[in-house]
Amino acid sequence: PLFRSAYLFLVDVSYNSVRSGLLALWASKMMDILENLPKEDGQEASSVQVGFITYHRAIHFYNVKSSLAQPQMMILSDIEDVFMPLLEGFTVNVDEARPVVENLLQQLPEMYADSKETDSVLGPAVKAGLEALKAAGRPGKLFVFHSA
């Protein structure tokens, strides 16, 4: 059932991703995607939880819980020992946390606009996403936006 599902969005924020326009395109289209999350039959809103991870040479988790004025980032720089540094506020209901999620989507292209980081740790980022689902005790999907 969808009521326990989580969709995690993993986004490459390396130099190549920023330069190619992937990050800006993703951020500009993401709210449209979130507006169309699957719903249970007869439900007005989706119960799917969402979470966001960005990565280049490090992995970044975002706390987007509704009580925050703006998103908070936690950085995992040891990619050899991937773990979930954040549980509360990592996955949220979009309708409940809309202002914080929108804020994150607006900030990300600006945050990485001048990135010169060419490394991109796709494998550890995927592992971090799987660990996040496991730590939350939720089934779900990883959606990976990666620039080669």
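This report looks at the overall build of the protein and at one pair of its helices.

The model is predicted, so local features need pLDDT of at least 70 and side-chain atom pairs count only at pLDDT 80 or more, while totals for chains, interfaces and linings use all residues. Residues are numbered from 1 along each chain as its sequence is written, and side-chain values use heavy atoms, leaving out hydrogens and water.

Let's start with the fold. The protein has four helices and six strands (DSSP runs numbered from the N terminus: helices are H or I with at least four residues, strands E with at least two). From the N terminus on, the order is β-α-α-β-β-β-β-α-α-β.

Some whole-protein values are given here:

| Property | Value |
|---|---|
| Span of the C-alpha trace along its principal axes | about 45 × 30 × 30 Å |
| Buried residues (under 20% relative accessible area, 1.4 Å probe, protein chains only) | 45% of the 148 residues |

Now to the helix pair. Helix α2 (residues 22-35) and helix α3 (residues 94-111) pack at about 170°, with axes 9 Å apart; the axes are lines fitted to C-alpha atoms over the stretch in contact, and angles run from 0 to 180 degrees between N-to-C directions. The two helices α2 and α3 are therefore roughly antiparallel (an angle over 145 degrees). Contact here means heavy atoms within 4.5 Å. On α2 the contact residues include W26, M30 and L34, and on α3 they include V101, L105 and L108.

How values were computed: Angles under 35 degrees count as roughly parallel, over 145 as roughly antiparallel, 65 to 115 as roughly perpendicular and the rest as oblique. Buried means under 20% relative accessible area, exposed over 50%, partly exposed in between (1.4 Å probe, protein chains only).
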